[in-house]
Amino acid sequence: MGEVDMSNAVEVTAPMASSDAARETKFHTRGVQVFYGEKQALFDVDLDIYENEVTALIGPSGCGKSTYLRTLNRMNDTIDICRVKGKIELDGTDVYSDKIDVVHLRARVGMVFQKPNPFPKSIYENIAYGPRIHGIATGKEDIDQIVEESLTKASLWNEVKDRLDEPGTGLSGGQQQRLCIARAIAVQPEVILMDEPCSALDPIATARIEELIDELRDNFTIVIVTHSMQQAARVSQRTAFFHLGDLVEVGETGKIFTTPQDQRTQDYITGRFG
Amino acid sequence: MSFTFVLGALIILTVAGFYLGRSRSMASAGGTASRLHSRPHYYGYFVALWCGIPTILILGVWTVFQTPIVEMIVQGNLPERMLEGDPAQMSLIMNDIRNLASGNITSGEITPAVQAAADQYVSLVQTSALAKFVLILVVGIAAIAYARGKIAPSLRARNQVEKTMMAILIICSVIAILTTIGIVMSLVFESYRFFEKVSPVEFLFGLEWSPQTALRSDQVGASGAFGAIPLFVGTLLISFVAMCVAGPIGLLSAIYMAEYAPLKVRGAVKPLLEILAGIPTVVYGFFAALTVAPFLRDQGTFLGLDISSESALAAGLVMGIMIIPFVSSLSDDVINAVPQSLREGSYGLGATKSETIKRVILPAALPGIVGSFMLAISRAIGETMIVVMAAGLGANLTANPLEAVTTVTVQIVTLLVGDQEFDSAKTLAAFALGLVLFCVTLCLNIIAMAVVNKYREQYD
């Protein structure tokens, strides 16, 4: 299984790389395996993530796409029984090596979660939290500026600028998720990982987040896990299809959805399973 | 015809009622349970309740009123001249009669009149017991027959049984509430009597506590001073020392258990800490009085400090250890209740574990932690045994924890221990102190609950 998938992935990615050689590789992962206790959740995943574009990870529930996403900023470290094997490089440095401090890694690779999880603090404090702990800003003016910029980039500023002191938990679900995105942006990361960021939101809020993702692409590299194939098609430039812990196929989003190479991808996107 | 025997008969009757009711319901439905309104066993319960409730009521009422009624009859039959004595004399005679009837030693010579009264006492008790037994049997059987007669497939036995059960539950909780109200009322009335003798202003703001009043008019003694401030100060001082111990240790161990400890360690440490709450306070008391206090005194001598052998410090330290589990266990629960998503959100921003705890988890859990502190403080204020043994009795108005102080609870104990008149200001002062204590702990508990509830709403 693993062998076949690997060749598949390489086949598809190879022309991509040559067609747009100018793009920098942000994450370079080879042979990623993840185990939860005895159970193997990911089998030899080889995937490259390119700078300033949106990579969507799709696949049926339990296929390992969230697990893969969480290896990129070592969020799996918080789960005791989880083990990760393989090579995961960010700008050429192995993120699992001793040289990398997980705190710095997560400052460079931000994350937005499935369910909006603002801290039970004011809107202002939610944004200021990251810059403060990383010492990005010290003075009140600096922080004010970061808060405004982050909220503006997350297209939330106009809605909340008059009530920055109110608790972040009082916002609507969609606003909370944009607050979480703003919170991630405030640390000035290079990559933003999004784990099904719209699954708890209504269609209008989802549309706003999708718009936002498209705008953020200019400044950040984005990896998004999504259950919705439409969403993957709308927001991403590249799509990776996971199935049962294998990376089945990866390529330009348009190609994946129109001319998939693998039968399983074909079945999934046409709705035969998943 | 002992109480247990009658109770046993009653239970057998009730159980029999259950089976009779159940079989009757099946018979009435022609053997098909589906034709019945309720499941057959509900008809059993229906009959059992009909039999059990009135008979238990009869048993209870009869047992309560038997002795007074029998004694009234016996007393009424005593010869004229014996009735003329004063009430104390009368109660002595009744005591003799009771003792004679039950075969105990009597106080003096047995007169024929007393012997006759005792014989009558015995026979009355026997008759009464027999009558009780017969009445219960008759009522029980009659009730079973009546309830059984009512059984028909259309009888809504389940609804009636459940209504009755609900009534029983309500009665039980009402009893609990009424008891509490009764205790509070007795505190209030006795305190009122105290405040008739001593003004509330003097009691609440007076600086001298010396409750020894003259018992007889010719006695030379302290006139009594009821300024409770030294007691309040002593209580607060010891509670403060206790919280200085329990607060940090409890909270930090809660943080360790909730955030750092592996699951196995937590599973072992938490119950171990909770054992601290299960140690009888009297054991803490002698630990404080015999181990900690002398140790502190010796160390004090070594350092050139004058620490009395009964000190607020010793009592406070040991009490602090006792209330650690109140803080740690509750705080641990509260910290655990902070959603995992908040932790992940913080880690995802590159925060370290300690930053996450300090800036996200503790602020989120703060109301609950405050609640746990409040409960611990109210426990410390109400604690008696440790302070009785280790804090001393001297009502010193001092903020120095190295001296002996006394607390509200200790004074209540000393005021009421031993033979006391129950109408002097001295003993009544205990009720006033109790009332103050009750009000303070009640307020603390209400605040704690309000804070904890507010916290709960935040995540639901």
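**Interface of chains A and B**

I looked up the contact first (heavy atoms within 4.5 Å). Chain B puts in 19 residues and chain A 22 residues. The model is predicted, so I kept to its rules: local features need pLDDT of at least 70, side-chain atom pairs count only at pLDDT 80 or more, and totals for chains, interfaces and linings use all residues. Residues are numbered from 1 along each chain as written, chains are lettered from A in the order written, and side-chain values use heavy atoms, without hydrogens or water.

Next I took the buried area, the accessible area (1.4 Å probe) that two parts lose on being put together, summed over both. Chain B and chain A bury about 1,700 Å² between them, and carbon and sulfur atoms give 62% of that. B:E344, B:L349 and B:R359 supply 38% of what chain B buries against chain A, more than any other three residues.

**Salt bridge across the interface**

I searched for salt bridges (a side-chain nitrogen of Lys or Arg within 4 Å of a carboxyl oxygen of Asp or Glu). The rule finds 1 across the interface of chain B and chain A. B:E344 pairs with A:R70, with the closest N and O atoms 2.8 Å apart. I checked burial (buried is under 20% relative accessible area, exposed over 50%, partly exposed in between; 1.4 Å probe, protein chains only). Both B:E344 and A:R70 are buried.

**Salt bridges within chains**

The whole structure has 25 salt bridges over all chains. I read helices as DSSP runs (H or I, at least four residues), numbered from the N terminus.

In chain A, A:R234 and A:E210 meet at 2.6 Å, N to O. A:R234 sits in helix α9 and A:E210 in helix α8, so the pair ties together parts 24 residues apart in sequence. A:R234 is exposed at 52%. A:E210 is buried at 9%.

In chain B, B:K270 and B:D333 meet at 2.7 Å, N to O. B:K270 belongs to helix α9 and B:D333 to helix α11, so this pair ties together parts 63 residues apart in sequence. B:K270 is buried at 15%, while B:D333 is partly exposed at 39%.

I also noted a salt-bridge network that links A:K26, A:E51, A:D91, A:R108 and A:E190.

**A buried threonine**

I then turned to A:T265, in helix α11 (residues 263–269) of chain A. A:T265 is buried, with a relative accessible area of 0%. Beyond its neighbours within four places in sequence, A:T265 has contacts that include A:F241, A:V248 and A:P260.

Note on methods:
Helix = DSSP H or I, 4+ residues; strand = E, 2+ residues; numbered from the N terminus.
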